[in-house]
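Open the model in a viewer and keep the selection tool at hand.

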Amino acid sequence: IPTTSPGLMRLKGGSSMPTWSDNPAVIKLREIAKNPYDLSAKDAISPARINMMQASACGLKLLYATERVDEATVDALSNLAKERDVFGKMKAMMDGEVINKIESYESENRKVLHTAMRDVFDKRNEAPAAKEASDLEMTELSKLKDWCNKLDKEKTFTDLILIGIGGSDLGPRALYLALQGYKKDNRRVHFVSNVDPDDAAMVLKSIPDLSKTLVLVCSKSGGTLETLTNEQLVRDYFVKKGLDPKKHFACVTGKGSPMDNPAEYLISFYMFDYIGGRYSATSMVGGPMLAFGLGYQNYEMILKGAHDMDRNAIGEKDVRKNLPLLLALLGVWNRNFLGHQTLAVLPYSQALVRFTAHLQQLDMESNGKHIDREGRFVDYATGPIIWGEPGTNGQHSFYQLIHQGTDVVPCEFVGFTNSQFGMDLDVKGTTSQQKLNSNLLAQSLAMAQGHITSNPNKCFDGNRPNCVILGKKLDPYTLGALLALYEHKVAFQGFLWDINSFDQEGVQLGKVLANQFLDIYQKVNKGEAVPATDNLSALVQQMP
Ligand SMILES: O=P(O)(O)OC[C@H]1O[C@](O)(CO)[C@@H](O)[C@@H]1O
C-alpha cells in the first residue's frame, strides 16, 4: 500500500486521530497477536466458553467462541473502540453531522442518515436523532401506505419490474428474495439491473401479463447509464405491445435529479442525498417494491427490526453486548492483527441467496479505501474481500479450501432455528431444517478445532476463526435487524480505521473510460473511421 503519492499533497496539518500504530490498543493487540488464542488446543472450546462468548440483540445471537480471542483480546479490542471514538462517530452519523467527507479535499460533503429512515416508531416520546430527515421520510411512508391501499383495492397490478443497479438493486433484491415466505398472493417482483440486453429480455419474456405490470425505475442520481438504458428498453417494449408507459411506470429518485419528472410517472417516491445507495434498502429505494410484493405491514416490520438494531448500535456501550460493534471488532482483529484478507459470509438459509452479494457492495464499496478521513494514505489494512454462498451448497463447492487451503478464510455463518414455510419432513429421525443446522454447527466447529491424524491428507489444522449468527426464524423483523447489524458493522469498522465509508470514488474511473469507449462505438456505428493508434480503439477492435 503506497503511503506517499505526488498526487496527494496534504493541505492541512494536524490530525484529530492518533495514527493507527500509535494507538495503545493497537500496540497491545499486536503483542497479543504474536500468540493468539489457539482454538485447536485440547479443550480450547468448552461449554463454558461457548456460553460466555455470545451476545444477543433484536432476536439475533452472535456466538464467537470459535474466534481466536480470549477475554484479554476482547478487552483490548474494546479499548481500541474507545481510543478510535467509535461511539462519538456513530452519534455524529445518526445526529446528521456532515461526516461523508475528506477533510480539505473535494468530496461529497454530505450527512449520512439511513438510520433516520427507520427512526419513525417512538411515538415521539423520544425525538428522533435527526428529526427533519425522519419527518421527510414519514411523508414518503404515508404516501407509500396510501398507494399500497389503492393497489390492494384496485387489484390492477400483479407484477412489478424493478429497474436499478448497485444499491438501487442489490439490497432491495436481497430483502425481497429473503422473504418469499411472506409474499402477497398473486404478486410477483422481477429485477432488471445489468445493461446486458439479455437481462431485460429474459425478464420481459417471463412476465405473464404486461398489462398488469408496474415498472419501478430506481436511481438516486437519476443518471446511471445502465438504469436509463434499461428504462428506455422496457418503455419501448411496452409501446410495442400497445401499452402506455405513463400508466405503468413509477420511479424512486433523489429530489431534483434528472429523473425527478412526475409527469413521466404514475407516482414518484423520493430518497435524499444523505442516503448512500448501499445503505438505501430501508428508504424508498426498498419501500415501494417490498411493500408491493410483501405488503406494507411487512415492510414496516423490516424497518422496526432495523431501528431496534440501530438502538443496540448506539445505545449499548458494552462491546460484549453491542452486536454490530462486536462483529466489527472481531473482523478488525482477523483483518489487521491476524492478517486475513478475505471474509466469507455463509448463510445457512436459501432465502439469503443474494444477501452476501448485497454485503459485497455494502462492505467493499464502503471500506475498500486507501486514504483516511484527512486524505492521508493509510499504512494498515482496511476492508476485506467479501464473498460467500448459502450452505449447504457451498460445502460441496469451495469448503475444501476453507478447511485445508493454504489461506485462512474467516467465516461468518448465519442460520435460523425454524424454516420460513414450515414445509418440512422428519427423515431418519430429523427434519431438513435440523440437517441444515447440524451442518452449520459442524462447519463452525470443524474449522475451529480441526482434526489431526497421522495421514496428512486427512489432517485439518483447525484454528480457522469464525463466528455464528443465529435467529429463531427469518421473518421481516429479524431480516431488518440482520441488515442493520451489517450496516453498522461496516460503519463501525470504517470508524475504527478512520476512513470515509460513505463515498465511492473508486468506481468513477471505469465509468469515465466506459464513456470514452462508447464514443468509439458511436463512430463505428456511424461508419466513421476510428484512430488505430490509441489503446481504446485497439481494444474495441479486438471484439470478435
Ligand atoms: O441509484 P443510482 O444513482 O442509479 O446509483 C447506483 C449505484 O451506482 C453506484 O454509484 C456505484 O457505481 C452505487 O454507489 C450506487 O448504489
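A polar contact here is a pair of N or O atoms within 3.5 Å. The model is a predicted one.

**Stop 1**

Select the ligand and the side chain of K511. An N or O atom in the side chain of K511 is 3.0 Å from an oxygen atom of the ligand. At G167 look at the backbone, where an N or O atom is 2.7 Å from an oxygen atom of the ligand. On its own the ligand has 400 Å² of accessible area, and the protein covers 86% of that.

Now show the whole shell. There are 14 residues around the ligand, and S168, S219, S221, T224 and E365 come nearest. Colour the shell by class and it divides into 9 polar, 3 charged and 2 nonpolar residues.

**Stop 2: the largest pocket**

Which pocket does the ligand take up? The space taken by the ligand is the largest pocket. Its volume is about 970 Å³. To find the middle of the largest pocket, select S221, T224, Q504, V507 and K511, which lie nearest its centre among the 38 lining residues. Then select β4 (110-111), β7 (213-219), α8 (225-240), α12 (355-367) and α16 (508-526), the elements that each give two or more residues to the lining of the largest pocket. The largest share of this lining is from α16, with 5 residues. By class, the lining of the largest pocket has 17 polar, 11 nonpolar and 10 charged residues.

**Stop 3: the cavities**

Rolling a probe the size of a water molecule over the atoms shows where empty space is left. How many cavities of 30 Å³ or more does a search of the whole structure find? The search finds 2.

The volume of the largest cavity is about 100 Å³. At least two lining residues come from each of α11 (323-337), β10 (342-348), β12 (411-418) and α15 (476-497). The largest share of the lining of this cavity, 4 residues, is from α11. Sorted by class, the lining of the largest cavity has 5 nonpolar, 5 polar and 4 charged residues.

For the second largest cavity, select V345, L359, L362, D363, I386, Y486, K489 and V490, which line it. The elements that give two or more residues to the lining of the second largest cavity are α12 and α15. The second largest cavity has a volume of about 30 Å³. Its lining has 6 nonpolar and 2 charged residues, and no polar ones.

**Stop 4: two points on the backbone**

Most residues other than glycine have a negative phi, and most peptide bonds are trans. Select G391 and T392 and show the backbone. The peptide bond that joins G391 and T392 is cis, with omega about 10°. T392 is in the loop between β11 (385-387) and α13 (399-404).

Finish at N463, in the loop between α14 (432-449) and β13 (466-473). What is phi of N463 near? Phi of N463 is near 60°, a positive value in a residue that is not glycine.

Notes. Residues numbered from 1 in each chain as written. Predicted model: local features only at pLDDT ≥ 70, side-chain atom pairs only at ≥ 80, totals over all residues. Heavy atoms only, no water. Near = heavy atom within 4 Å. Polar contact = N/O pair within 3.5 Å; in protein donor to acceptor, adjacent residues only side chain to side chain. Areas by Shrake-Rupley, 256 points an atom, 1.4 Å probe, with all protein chains shown as cover. 1 Å grid on protein atoms, 1.4 Å probe; cavity = no way out; pocket = protein on both sides within 12 Å on 5 of 7 lines; lining within 4 Å. Sits in = over half its atoms within 2 Å of the grid points. Nonpolar A, V, L, I, M, F, W, Y, C, P; charged D, E, K, R; others polar. Points joined across faces, edges and corners; volume = space filled by probe spheres on them.
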